[in-house]
Amino acid sequence: MKKNVLEKPRLGKFFFKLLMIMKLSVFLLCFSVLSAFATGTYSQTKTTKLSLMVQNESIENVLKTIEDQSVYRFFYSGNINTDKKVSITSRDMDIESVLNEILKGTNIGYKIVGRQVALFNKDENGFSSSMKQTKQISGTVTNESREPIPGVTVVVKGTTNGTITDVDGNYVLSDVPTNAILVYSFVGMKKQEVALTGQNTVNVVMQEETIGLNEVVAIGYGSVRRADVTGSISSISSKDFNLGLTVAPEQLMQGKVAGVNIIQNSGQPGSASTVRIRGSSSVSAGNDPLYVVDGVPLQFSSANKYVNVAGESSTSPFSSEGSNPLNAINPSDIESIEVLKDASATAIYGSRGANGVIIITTKSKNFGDAITYDTYVGASAIRKQLDVLSADQYRNYAQSNNLPFPDEGANTNWQDVIFRTGLSQNHNLSFGGGSKTSNYRASLGYNSQQGIIESSSIKKYTARLNASQTGMDGKLKVDINMTYGKIFDDLTPISSNIGNEGGNILKDAIRWAPTLPVYNADGSYYQIGELRVNPLSWATEIDDQRNTNLFLGNASAEFEIIKELKVKVNLGHDDQIINRYTSVPATHPIGEAENGRASISKLQNSSNLIETTLTFNKDFSENSSLTALAGYSFQRFVTENTFSAANQFVSTSVKWNLMQSGSMISNTSYKSANRLASMYARLNYKLYDRYLFTFTLRRDGSSRFGGNNQYGLFPSGAFAWKLSDEPFFNSSRISNMKVRLGYGVTGNQEIPNDLFREQLSISGSNVYVLGGTAIPSVLPSNYPNPDLKWETTAQSNVGIDFGLWDQRLTGSLDVYKKHTTDLLLEFSTASPSVVQSQWANVGEVENNGFELSLDGKIIRQNDFQWNASINFSTNKNEVITLSNDNFSRDEILVNATSGVVSNGTSTQIIKPGEALGTFYGRKYTGLDADGMETYQDADGDGVADLVVIGNANPDFTYGITNNFFWKNFDLSINLRGVVGNDVYNNTAAEFSYVNATPGVNILQSALDLGMSRSQISQFSSRWIENASYLRLDNMNVGYTFNTNHISFLSKARVYLTGQNLFVITNYSGFDPEVRTNTNRGGVAPIGIDYLSYPRPRIFMLGASLAF
Amino acid sequence: MKYLKQLNKKLILGISFLLLLFSNCSLEEGVYSIYTPDSFYSNDQQVLSSLSGAYRNFASIPTFGAPYRVLECCTDQVVVHGKIQGWWANSSFEQLAEHKWDASHGYLWSMWNTLFTTVGQANALIASLDASGLDNVVGAKAELRALRAYAYFYLMDLYGNVPIFTLPKVDPNNLPDQNTRTEVFDFVIKELTEAVVDLPSQNDVGDEYYGRLTKEAVYSLLAMVYLNAEVYTGTAHWDDVITYTDKVINSGAFELLDNYADNFVYNNEGNKEMIWGGVYTPDVTGGIGHPIVQKVMPGIGGGLFGLPYTPQDGFGTRPSVAALYEAQDDRFKMFMMPGPLIDPRNGDTVMVEKIVPDGNSQLYDPATSTEGPVPYVIINATGIRNQPMNAGIKWLKWGLDPNTNGGNAGNDIAFFRLAGVILMKAEALARKGEMSAALPLVNQIRERSHATPLTSLTLNDVFEERGRELTFEMKRRNDLVRFGKFNDAWEFKEASSDDHWNLFPIPKRAIDSNNKLQQNPGY
């Protein structure tokens, strides 16, 4: 907190100190509660019962105890003495009785305003300087709920002439120059300045300090006050989370954090998101940030690849989208999310910090012993369909071109057939409580969502218990956090990475002739055959279910050895089990040849964590303080899976539940593990409360690397200067200014295990029959590379945090440069090779960027407030080189896509000087007289040139959030936009060539292109579209009821939310924000759209109640 | 002091607790689901498990995926008629059929990759076997060398100048250099002649060796390499063809089956005419099969020919192919000509509910019929696009398998059978002008199928007889190129004066990963 330093009063009549014993955690909780019912009142809290047993403690300590137990916060002002020792034994007493008891015989008075309790010196009460001045100002100071606040300091700016408000919030101040500025301050409230313009009465409404410099920010193995942060860290607390139909935690902050780009890969309920912090730096080793939940680092990204292994052939229709492991965490259990962006912040996570770190902290305490219940119901529907030929257009085209075509006399809009309105509901129940030495919070959640394509849905059950207990006179603190989640996904067959002979639900819905009916006369599905499957039958006859169980838990014990030194041991365990079941009945065209097929895939990822940290914290004098941390941690990750598939069932009515009634076609198992052992240290040194230094060092050892490079060292340093606290700094506009400099080295190791070894293994359950005996086919599967080492990212960051007009406008500005070397590159081996790819440390990538975020309190009136925040970020990505001693390459072509257009043809290039995500191919230059496509051919050799034809990276992204409060209403509007990114619209390319019809239906727009029927489909710049967009992501209107007179209800709010209400874009596909997974279970390439599950528009109605 | 002691106690307690916690924290992680070569090869079964992988990869060539399509769909024999509703209508087939492929053609990459995977597997496994210290790996190494040479034969034949590489691992900083087609030819001959020494003769092995390469299989391959030598090197080797075909014919291990069709039945493994082929066992877990009947037969549901599935109506053939046969020739029976479709099992006309031009037809079933029955009639195709479902001549060479799994059948497919070897010898003799010596060999083949014996012989007669006998057996592209007919016109394909089509382009993806590779002329 910023110390209020007032010079010695001129009159010497009063000296006041401001103390705040309010716990910072309480502060955070206040925010979350306040935000939820911004105009609510707290009168009901007076009924809170307190139980205290205190012997001979100072008043100050007793008040702290009350704060720990209750919602109350104490504010002191004036000259009060809280050192007096008191004793009290109370059982279920109300706050007033308790205060009367402990303050008996002192000169301390109190005033309870909501949950704020102001303490003041009764003798000084209402004091005002009484010097002869020409003007006297009086007025009342209240909080936002119109309740008077006693103890507010009112000072004539630039002087020591001041007073404090009395129990009724009134003040009188004399000696005031007519053009003076009055400064109103109160700890925990925003400082306000009012310029006099001739009036004699100034009434002021104080506001909670929402963008507080006192806010605590998690930084990994500890926390610091926002004001003392040296790195680039964004923090978003529950009050700022996106509202709406969210299933996964990362969606809570989509569009809200500068430098963090989050794309939900598709609209399938529960689908995974791609989260990129400050661009992509790795080609093959993954760009996902590290997630740390309640101190336990998770390793989900690499494990995720195995989730998809359904063991099906490459032409499987089953969805290859990864599941989102974070889904099992209930968003409403999350207290705050911190995003560590620069290396000085992430270096404490060493080899896993290069892609940024996302720290998720769950709610550990329910505020005010309340039981809360939240619920909503929602409806989702397709926002936009692709315009394909209607039955009449289709018939007309075929007939006018004299082409035979299928016609059963129907007029079917197949998209209408497969899309539906999906219903959703959500229920969360939480409660908690505590005593002097313990507290807990428990919650239960249920969420169910129907997707907008038939038969896709998700159901989710979550439970959480967080509890803590202190013992040994407060020297020992034990915490446990546990969560369990169970998710049932019903997936629709919508694979996008298939060859051109098969189909899937969305592909068939687009390509099926509109002249065909859904059903035969007898009610059965109209079917063509296994290569053209009735779209609706994909959904209703084919089963694909995925059950996910996640347990996440940790227990920690912290012991205060001496006052300055604490030791903490943390044990964590996470366990994720994903079972996926598929079945195709024998009666369905694609199951007919096999007489039905079923598969079971079981995957388990688990990890164990042991870590010990020592924290030393000492204030050496008033001028400097030191926090030192040293730790050791060990984590082991295990992945296991089994897969079996059978066909030729006696009857497929059993689906996957009686596999022995079919014949086994595949039966495999797999296990792999890796370990990470780390030592780390961090020093935070603060000098004069203005100069902040942070140094961190981490040494990681990983079993993923061979003996030659098993250990890596990751140092970082940062310096911050609180310019605005300098004595010379004197600005009426700038209320806070801090400059930050940081540099650090972090790593990336998200590669498969055992790559350093030479390996022999079996692909699937492959056998070959030699001499009449089936012999398993064991083949080399990896070239050894004992020199493999960490991918290294060096990042420097310069940032400014600022607050203007007494923090009415706050913001941060960061400029960074990330240079990644020794890329862990998986490259296709040159022929002849026994393996398809190999790994080496090759290449360098650079990311340079700029981030700006602004928060403003635009209107602060008693009945109406308007807060707005804007974030803006831009990142430039460039591949520097692809060569070193290990490997040398001018360019690497990547991201082959499927479909008839570019089946197997690469669409993107990795090349020095270009960004990752650069499209590469023929440049379309128009149609010739015959309606044939022409392409750029600069050298005139008759062959189209291959050139760079687009970039999937945006020029910049931005988010705008507006919050309005009017009386009991609140309204929030979130807009999010991306500018300058290209997307390859593979769907449009596939359905825009007239030669494909009447074999398949095509887009209406294809009829106007003037293309010859001789033109075959081609990948070219023609299908690269600018996918810039502005989306109204979320709009939310709420009303908070006045529950003052309802004894059992302490809070009631209802709200109406619309999500994805509109998108302004020139992109022609379903949605410009898309990342189709085209490579079966791997990482979805950036900027490719091919038959992705469209994102719905959602409306929902919800209520939050607290009892 | 007392305080210190207490602290010490606390410290010791704390440290021991921590040591206990971290005592298990080593970075040594176990290996669970992989084998490491230094521990793996310790007995014959383990050696065999690697051979199994190498043979399996090579046996994927005839399974009617991309490699088979590369070998057959560019010839006059196999054609895909794209259907009205879009089935089998795509540019991959069209480019092969019309000779319009380019270096980005997916099938060409797939074929290249399959063949070089065999080379890579052989290279790696030979090195591992050498390192294993096992003493009886001579035979296994010879098999791998021969298999690698076989792959190089195809690579030379299809792509021309390819890198010869025999080290176990490619150094990414020193990528393999391209060799000339002649160098590859010399390499193939050298490898085969060296490997054959260590392989067993068919006469010395029994059923337990079925599926593996024998001396006679390698002699057959040598004969085929020499047969095409003039294409690869400019120098003919007709005498070498005769030498090696004689070694096979005179080994006495093989004989022509009485009935032509018996070569192709589902339980054809180990027949006396088969020299070496792929072994298909779709009913074995993890085994491979081929979907030939499923991909070729007309789209008729409800149990056509007793099949448990509705065929996909993909591959067909051209009238010119069927026109080569006499009506009484047994081999002609494989064709399903325009006109009513006949069930090969009993000679009955296939009756359907109705002929659906844009979808699958259904077999006539009196119990559920509302419209039928009508005979299913095959009509001539008018192109390779927008064809009704019943257009185009079908063929059923590899017979019906009652035990298909997922459409995959278990008929083994020969890379070499005695009839082909006899015809190679006949061609070599004919090339040398020794028509009288060649004529009885050709007639031996014709008489087996009840075709009228020839009274005199021309070189073109040998070409046509090979076409008749070895239809769809992955030999046609060689023959067309060797006889200078690959650029002729045939149904739905124009003639070309440009002979660069005789070689496929080196796939773009191969050049992407090895920039030392120079593209073939014309691409």
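# A tour of chains A and B

The count of salt bridges between chain A and chain B is two. Keep in mind as you click around that this is a predicted model.

**Stop 1: where the chains meet**

Select B:Glu29 and A:Arg636 together. They form a salt bridge, and their closest N and O atoms are 2.9 Å apart. Now widen the view to the whole interface of chain A and chain B, where 32 residue pairs are in polar contact, both partners at pLDDT 80 or more. Next, highlight strand β31 of chain A, residues 663-687.

Between them, the two chains bury about 7500 Å², with 57% of it on carbon and sulfur atoms. Pick out A:Leu760, A:Tyr768 and A:Pro832: they supply 10% of the area that chain A buries against chain B, more than any other three residues.

**Stop 2: two cis bonds in chain A**

Stay on A:Pro832 and zoom in. A:Pro832 sits in the loop between β41 (824-828) and β42 (837-841) of chain A. Look at the peptide bond that reaches A:Pro832 from A:Ser831: it is cis, with omega near -5°.

A:Pro998 is in the loop between α11 (986-990) and β54 (1024-1026) of chain A.

**Stop 3: two positive phi angles**

Most residues other than glycine have a negative phi. Select A:Tyr688, whose phi is positive, near 55°. A:Tyr688 lies in the loop between β31 and β32 (691-702) of chain A. Its relative accessible area is 39%, so A:Tyr688 counts as partly exposed.

Then jump to chain B and select B:His99, which also has a positive phi, near 55°. B:His99 is in the loop between α5 (91-97) and α6 (106-132) of chain B. Is B:His99 buried or exposed? B:His99 counts as buried, because its relative accessibility is 5%.

**Stop 4: a helix in chain B**

Still in chain B, select helix α16, residues 459-469. Which of its residues are buried? They are B:Val462, B:Phe463, B:Glu465, B:Arg466, B:Gly467, B:Arg468 and B:Glu469. To see what covers them, show α9 (215-227), β12 (413-417), α14 (418-431), α15 (435-448) and α17 (476-482) of chain B, which are among the covering elements.

**Stop 5: a sheet in chain A**

Back in chain A, find the open sheet of three strands in the order β9-β6-β12, with mixed pairing. The edge strands are β9 (170-173) and β12 (204-205), each pairing on one side only. Strands of a sheet pair through backbone hydrogen bonds, either parallel or antiparallel. In chain A, β6 (137-142) and β12 pair in the parallel sense over two bridges. Select A:Thr142 to see its bridge partner in β12, A:Val205.

**Last stop: A:Ser869**

Finish in strand β44 (864-881) of chain A, where you will find A:Ser869. Beyond its neighbours within four places in sequence, A:Ser869 is in contact with A:Leu854, A:Asp855, A:Gly959, A:Ile960 and A:Thr961. Now try a distance from A:Ser869 to A:Lys671: they are 198 residues apart in sequence and 47 Å apart in space, C-alpha to C-alpha.

Methods. Residues numbered from 1 in each chain as written. Chains lettered and ligands numbered in written order. Predicted model: local features only at pLDDT ≥ 70, side-chain atom pairs only at ≥ 80, totals over all residues. Heavy atoms only, no water. Buried < 20%, exposed > 50% of the residue type's maximum accessible area, 1.4 Å probe, protein only. Helix = DSSP H or I, 4+ residues; strand = E, 2+ residues; numbered from the N terminus. Contact = heavy atoms within 4.5 Å. Pairing = 2+ DSSP bridges. Buried area = accessible area lost by both parts, 1.4 Å probe. Salt bridge = Lys/Arg side-chain N within 4 Å of Asp/Glu carboxyl O. Polar contact = N/O pair within 3.5 Å; in protein donor to acceptor, adjacent residues only side chain to side chain.
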